[in-house]
Amino acid sequence: MPKLSTRLQRFRKGSPLSFRLLAWIILFSSVFTLIASGIQIYSDYRKDLSQIDNRMKVVESGYASSLARSLWALDQKLLQTQMEGILSLPDIVHLRLKIEPDSELVMGDIDRGAQTRSHSFSLVHQGDEMFKLGELTVTADLGRVYEEMERKVGIILATQFLKTFFVSILIILIFQHFVTRHLSSMADYARDFSLTNLSRPLVLDRPDTPSNRNDELGRVTEAINQMRERLNDDLERQERDAAEIHKFSKAIEQSPSSVLICDRQWRIEFANQKFTQLTGYDAKSILGNHPGSLGEGNVENRESRHLWQSIRLQVQRVGVWQGEVNSVRKNGERFWEQLIVTPIKDASGQATGYLILGEDISIRKRYEQQLLRQANYDILTGLPNRMLALDRLKLALAQARRENTLVGVMFLDLDNFKHINDTLGHDAGDNLLVEAARRISSCLRGTSTVARLGGDEFLVILPGLNGADASYQVADRILKTFSPPYILNGQEVFVTTSIGIAIFPTDSDNSGTLLQHADAAMYQAKHKGKSSYAHFAPEMTEVSHERLQMESRMRRALELNEFELNFQPIVHTDSGNLCSVEALLRWNNPTMGTVMPDRFIPLAEETGLIIPIGEWVLEEACKTAVSWKEITGRDVGISVNVSPRQFRDPGFTDIVMRALSNSGLPANQLELEITERLILDNSIETAEILRQLDRAGIRLSVDDFGTGYSALSYLKSYPFDTLKIDKSFVQDVMKEPEDASLVRAIINMAHSLGLRVIAEGVEEEAQTHFLKQEGCDFSQGYFYSRPLPARDFESWLKTNQRVQI
């Protein structure tokens with residue numbers, strides 16, 4: 001031990017590195033030993049506890065049934081014997097048996113303060129019924145486990161510490177022999193090193209072997225000796241550095257970015273050629289000036305100096321400034337410039353000047369402004385779009401709260417816009433929207449906002465109102481501006497608008513609800529007859545809610561088989577014989593009852609649900625028509641209405657042909673009724689679809705003729721077979737001479753074009769006589785039969801079997 005102490009003392013004095021290394025090795029080895037020992041001891045402890053837990057579970061699995069039988073048989077002696085057997089197991093020191101309902105049997109003792117572990121399980125008798133007889137609690141003493149753990153702690157710590165200590169001493173002795181004595185030699189050589197003794201190399205006191213030359217000490221020795229050689233090359237290196245500086249100077253001069261170099265006082269010392277090209281200032285003329293003082297005398301220059309003051313403060317605080325600046329050229333032209341300003345620092349980190357890099361980003365800014373406008377404004381009308389309108393509405397509401405004023409929100413929808421779009425084409429619809437936007441804007445003051453929300457919907461925001469009457473006045477002005485006709489595709493078209501009004505804060509205090517209320521009021525205005533406005537009332541939300549409910553229910557109506565077809569016969573006017581049948585859609589909803597088409601078809605067209613609904617109607621109508629042949633013995637034609645939205649679906653023709661193929665109905669037994677407004681859309685697609693259907697042998701009919709624009713010239717351009725006179729003309733044919741003349745003219749015109757004529761809405765016998773006299777081919781209406789469900793119509797067929805095709 002004295003020799004070891006002496007050696008350690010020598011380490012302390014002569015080799016501080018070795019002593020510190022010894023201390024760190026002992027420290028970290030001890031910590032690692034403690035952690036490893038702790039993990040091992042804890043693992044053994046958990047293993048002992050697991051054995052005790054398993055033993056108690058074995059007691060449950062091995063004794064539960066036998067104890068239950070003994071307890072059921074009230075065999076106290078056997079029960080006691082079994083519990084003594086359990087108590088004899090290792091570590092088990094106490095048993096407590098709770099016997100239902102209130103008895104208890106205890107065996108064994110638990111020392112006060114002892115660490116224990118318990119496990120309980122129920123004793124159950126299973127017969128016809130299950131009875132709980134009691135509960136046994138088994139307690140194990142953990143004293144043996146803790147004694148074992150304490151013994152292991154002492155042994156493991158003692159052995160590990162001694163092993164770690166002696167291994168550390170051995171490592172230090174080896175490290176001192178192979179490393180630290182050579183480090184001392186290197187330190188002595190470094191103290192004597194100077195430019196006067198570069199000829200003496202560093203040599204260590206150890207064999208010159210390949211392994212020694214390649215270890216760390218050998219590489220450090222070689223590096224020091226190489227450093228001696230590099231000192232002789234300083235002059236050459238300085239020359240190379242000068243060449244590099246010249247090259248960098250050329251690179252800065254020819255840089256595609258403008259470069260300014262300023263001194264500590266921000267006086268310009270250098271400007272490259274790109275700066276001159278970009279700004280028009282000659283490099284020599286601006287030397288010594290501040291970058292923010294160029295063009296002094298302009299109002300903008302004061303703002304420039306203020307900007308550069310902010311730049312200087314940020315560069316000093318953060319170390320760099322980067323941003324976009326609206327700069328001015330020498331000729332006064334403004335341009336956007338991306339600037340990066342950084343300090344030029346010396347070896348001590350002090351700023352000796354400043355580097356300013358600039359790039360012309362005017363083109364990029366124009367693109368950004370264009371994108372920003374596209375993101376916030378409607379491309380067609382130039383009005384704010386939905387996103388910008390909602391932002392302005394929120395700002396208007398915030399200002400109204402501060403100033404205690406009102407804000408009017410108006411929701412506008414163009415009446416019959418879809419009709420215009422369908423008949424005159426999308427270009428005419430776009431022109432209509434542009435002109436409507438101009439007319440609405442002309443009715444507003446400067447602080448108001450008009451925005452296009454999409455389609456034919458517009459939003460008007462009226463801030464700073466003193467009363468709701470002011471919004472009514474604006475609505476009146478807008479309605480009046482819509483009175484003059486629009487000139488679309490060379491013809492006059494009258495378009496009106498419906499306006500819904502909601503007022504902040506009387507109708508709502510948040511933007512979302514305010515818009516919903518204005519929308520509900522707009523639908524109320526449409527119900528009033530269009531070209532009108534309505535102020536929101538609480539009951540309107542019920543109408544809006546009903547519309548949402550109808551849409552939701554309609555989306556599941558096909559899946560739930562809520563749609564059905566009614567059928568109304570079409571007969572020969574002169575004989576009354578059945579010619580064909582029109583299929584009419586009905587919706588039977590458990591909540592709403594029977595819903596007529598005029599209520600749900602417009603909503604179906606608006607939401608696109610008309611496509612799957614129309615496909616179902618075609619399939620069902622064709623199948624039903626085929627089934628009638630068994631009743632009549634002859635083919636019975638079927639007529640199906642087609643909406644413009646269906647007709648323009650890319651797969652419409654395929655849907656029709658698939659319905660015919662699936663049902664087996666001949667093509668000439670199917671007639672498609674197309675609205676008059678559809679044929680006014682004189683597009684290539686419309687003509688081609690009609691010709692495809694005609695080539696397939698399908699009959700085509702113009703429905704509700706006379707209610708639209710009555711574009712008679714189109715009738716001979718398309719392959720129609722039949723023309724249907726709207727019931728609004730037929731019902732007054734015996735009362736109104738004008739209607740009689742109009743019906744007579746339609747019949748004569750259709751016959752001259754080779755078309756057959758069907759009169760709808762025939763309800764009186766006198767009407768049949770008039771139509772027969774005028775040569776109307778077919779008739780349809782309540783006089784012959786109301787629309788009937790499929791089963792009732794089959795009964796009608798059986799009693800009216802005069803079928804003539």
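Reply: Strands here are DSSP runs of E, at least two residues long, and helices are runs of H or I, at least four long, both numbered from the N terminus. Two strands pair if DSSP finds at least two bridges between them. This is a predicted model, in which local features need pLDDT of at least 70 and side-chain atom pairs count only at pLDDT 80 or more, while totals for chains, interfaces and linings use all residues. Residues are numbered from 1 along each chain as its sequence is written, and side-chain values use heavy atoms, with hydrogens and water left out.

Me: How many bridges join β3 to β4, and what connects the two strands?

Reply: Eleven bridges join β3 (residues 116-126) to β4 (residues 130-141), and the two run antiparallel. One of the paired positions is Ser122, whose bridge partner in β4 is Glu135.

Me: In what order do the strands of the five-stranded sheet lie?

Reply: The order is β6-β5-β9-β8-β7, with antiparallel pairing, and the sheet is open. β6 (268-271) and β7 (321-328) are the edge strands; each has a single partner strand, so one side of each lacks a neighbour in the sheet. From one strand to the next the twist averages 25°. Angles run from 0 to 180 degrees between N-to-C directions, with axes fitted as lines to C-alpha atoms, for helices over the stretch in contact. At the β6 end, β5 (residues 258-262) is joined to β6 by three bridges, and Leu260 has Ala271 in β6 as its bridge partner.

Me: Which helix lies across β7, β8 and β9?

Reply: Helix α10 (residues 362-376) lies across β7, β8 (334-345) and β9 (351-360), and runs at about 120° to β8. Contact means heavy atoms within 4.5 Å.

Me: Which residue in strand β7 is linked to Lys365 of helix α10?

Reply: A salt bridge is a side-chain nitrogen of Lys or Arg within 4 Å of a carboxyl oxygen of Asp or Glu. Lys365 forms one with Glu324, the closest N and O atoms being 3.0 Å apart. Lys365 is in helix α10 and Glu324 in strand β7, 41 residues apart. Buried means under 20% relative accessible area, exposed over 50%, and partly exposed in between (1.4 Å probe, protein chains only). Lys365 is buried at 13%, whereas Glu324 is partly exposed at 35%. Another salt bridge joins Arg329 and Glu333 (3.5 Å, N to O). There, Arg329 is buried at 15% and Glu333 is partly exposed at 41%.

Me: Which residues share salt-bridge partners in one network?

Reply: Start with Glu673 and Lys724, whose side chains meet in a salt bridge (2.8 Å, N to O). Glu673 lies in β21 (residues 670-675) and Lys724 in β23 (residues 722-725), so the pair ties together parts that are 51 residues apart in sequence. Both Glu673 and Lys724 are buried. Salt bridges that share partners join Glu582, Glu673, Lys724 and Glu760 into one network. The count of salt bridges comes to 22.

Me: What are the totals for helices, strands and buried residues?

Reply: The protein chain has 27 helices and 26 strands. Of its 805 residues, 41% count as buried. Among contacts between residues at least 6 apart in sequence, 61% join residues at least 24 apart.
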